[in-house]
Amino acid sequence: MVPSGKRQSSRMTRTNTMELIAKLHQESGEDVASVHDQPKIQSIAKQTEASYTKIVGSTFEDDFGNFIPCKISDFLDVEKLPSPYRAQGVVGVGENIFVSNSETVLLDIVSHAKHETVSREFLRGGPRKMILHDPSKAKPAIVTCGGLCPGLNTVIREIYMCLKYTYGVREVYGVPFGFRGFYEPEYEIKPLTDEEVDDIHHDGGSYLGSSRGGHSTRMIVDAIVDFGFNMVFVIGGDGSHRGAIKVFDELRLRKLPYAVIGIPKTVDNDIALIDRSFGFATAVEEAQRAIKSAKTEATSYYNGIGLVKLMGRYSGHITMAATVASRDVDVCLIPEVPFVLGGERGVIAHIRKVLHRKGHCVVVVAEGAGMHIESEIKNETDASGNMKLPDVGLWLKDHITNSLRQDEVTLKYIDPTYMIRTVPANAADNLYCAMLAQNAVHGAFAGYT
């Protein structure tokens, strides 16, 4: 942003914020904490000309390749077409419905009154005035991969609806059971219909089916080419997106103008750059039911303990959010915060104090917690390459009951792991999923991949 009444400098450079932080430490001391440690686009003009400005570009050669998503037009000569949004008049009036390719969304909202504002930025999603795919020739496919998550069916439905009724695509295909659905002969890839997708957002799971692993880049790309899918929407987690990037690399190597669009999916909410992933709010809401049951069990017995294990792998977001929301939890254990079981400040001693004070105790543990203590971890992985975690809930249950045997405790263990991810999305997640799906379609037609 350029201050009012000041001329914008045309001289731009990219400076490392670590250098800026070092300078500000000398000038402002602890106040420098509000400046984030990421490279920014910084004006080298004098303070009298402009305090801060920015520039946007999209090439493979410079640093902006990490800032702006790749476009098919970066490596192929493709014709641009006017968006059908204008012809249909879907939303708004005139040019106001379109988003510029130069508009960004600031990531870092914390600033400081004494310092110039710097922030990481995302390219803003939304419909573009010019598109790179002819809707009459578009042949999109949707695939869901990895674990289940509330909202998957909403994303599938809204991708379909936006493709068909906003852009006028004739057929949208569903790929069954993950990446292997592209090439396994027993799985049938077929067009989706209005009747099929109409009510699927009211159901949990994935209408298309899902699976882990099964990624063969060559076989998947061969199938994409054979079917003529020039848009592939991949709804999945980190492993699925690693696979999607390999598919993109192979398509680019073959110089094919096909778009690969990823919609990030993780019920664990462990994507560092965003506040909330879809399905997370629903999972937290469902997890509270288990916590309430645990409290009911705990309060119904002398020295009763309700122990709940919640999913999240190496992320404690579901456990932490459900704990704070429920207001009924006495002990919350997450992977991000190490803990000890024994000793005066250990978990067991705290549970005993809570029992003496209240007569009951509710403990909630995330599935990845305690790995710094548990020494019998087997180095096994699933089909997606994720390490198989031991059951920390049963491990903790045994430690608590053995350590508090003289206290005559009654412990009830509840494990709702898969229950919280198989329910339909709540209203908040449905709105979020619809927005993600529609912007994924806008991005595909704009030529991003």
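How many salt bridges does a search of the whole structure find? I noted 14. I kept in mind throughout that this is a predicted model.

**Entry 1: the chain as a whole**

I began with the overall counts. The protein chain has 449 residues, and 48% of them are buried. Its secondary structure comes to 11 helices and 15 strands. I looked up the accessible surface next and found about 22,400 Å², with 51% of it belonging to carbon and sulfur atoms. For contacts with a separation of 6 or more, residues 24 or more positions apart account for 75%.

**Entry 2: the five-stranded sheet**

I then traced an open sheet of 5 strands, and I read its order as β9-β8-β7-β10-β11, with mixed pairing. The edges are β9 (190-191) and β11 (259-264), each of which pairs on one side only.

I started from β7 (residues 140-144). Is this strand mostly covered or mostly open? It is mostly covered, as 5 of its 5 residues are buried. Pro140, Ile142 and Thr144 point one way from β7, while Ala141 and Val143 point the other way.

I followed the neighbours of β7 on both sides. With strand β8 (residues 173-175), β7 pairs in the parallel sense over 3 bridges, and Ile142 has Gly174 as its bridge partner there. With β10, the pairing is parallel over 5 bridges, and Pro140 finds its bridge partner in Met231.

From β10 (residues 231-236) I moved on to β11, where the two strands pair in the parallel sense over 6 bridges. Here Gly236 has Pro264 as its bridge partner. I also checked what lies across these two strands: helix α11 (residues 427-446) does, running at about 160° to β11.

**Entry 3: salt bridges, one at a time**

The side chains of Asp429 and Arg276 meet in one, at 3.1 Å from N to O. The pair links distant parts of the chain, with Asp429 in helix α11 and Arg276 in the loop between β11 and α7, 153 residues apart. Asp429 counts as buried because its relative accessibility is 0%, which is under the 20% cut-off. Arg276, at 29%, is partly exposed.

Next I looked at Lys309 and Asp391, whose side chains meet at 3.4 Å, N to O. Lys309 lies in strand β12 and Asp391 in the loop between β14 (360-366) and α10 (392-403), so this pair ties together parts 82 residues apart in sequence. Lys309 is buried at 9% relative accessibility, and Asp391 is partly exposed at 29%.

Asp407 sits in the loop between α10 and β15 (410-414) and Arg352 in helix α9 (residues 347-358), 55 residues apart. Asp407 is buried with a relative accessible area of 15%, whereas Arg352 is partly exposed with 28%.

I also noted a network of salt bridges that links Arg218, Asp222, Glu250 and Arg254.

**Entry 4: Ile220 and its surroundings**

I picked Ile220, in helix α5 (residues 217-227). Its relative accessibility is 0%, so Ile220 counts as buried. Which residues does Ile220 contact, leaving aside its neighbours within four places in sequence? I listed Phe179, Phe182, Tyr183, His215 and Val247. I also took one C-alpha to C-alpha distance: Ile220 and Gly243 are 10.0 Å apart in space and 23 residues apart in sequence.

**Entry 5: positive phi**

Asn303 has phi near 50° and lies in the loop between α7 (280-299) and β12 (304-310). Asn303 is buried, at 8% relative accessibility. Arg313 has a positive phi of about 55° and lies in the loop between β12 and α8 (317-326). With a relative accessible area of 22%, Arg313 is partly exposed.

**Entry 6: a nonpolar patch**

Val105, Phe122, Leu273 and Ile274 make a nonpolar patch of about 300 Å². Val105 belongs to strand β4 (residues 104-106) and is partly exposed, at 40% relative accessibility.

Notes: Residues are numbered from 1 along each chain as its sequence is written. This is a predicted model: local features need pLDDT of at least 70, side-chain atom pairs count only at pLDDT 80 or more; totals for chains, interfaces and linings use all residues. Side-chain values use heavy atoms; hydrogens and water are left out. Two strands pair if DSSP finds at least two bridges between them. Helices (H or I, at least four residues) and strands (E, at least two) are DSSP runs, numbered from the N terminus. Contact means heavy atoms within 4.5 Å. Axes are lines fitted to C-alpha atoms, for helices over the stretch in contact, and angles run from 0 to 180 degrees between N-to-C directions. Patches are made of residues with over 30% relative accessible area and no salt bridge: like charges are joined within 9 Å, nonpolar side chains (Val, Leu, Ile, Met, Phe, Trp, Tyr) within 5 Å. Accessible areas come from the Shrake-Rupley method with a 1.4 Å probe; for residues, only the protein chains shown count as cover. A salt bridge is a side-chain nitrogen of Lys or Arg within 4 Å of a carboxyl oxygen of Asp or Glu. Buried means under 20% relative accessible area, exposed over 50%, partly exposed in between (1.4 Å probe, protein chains only).
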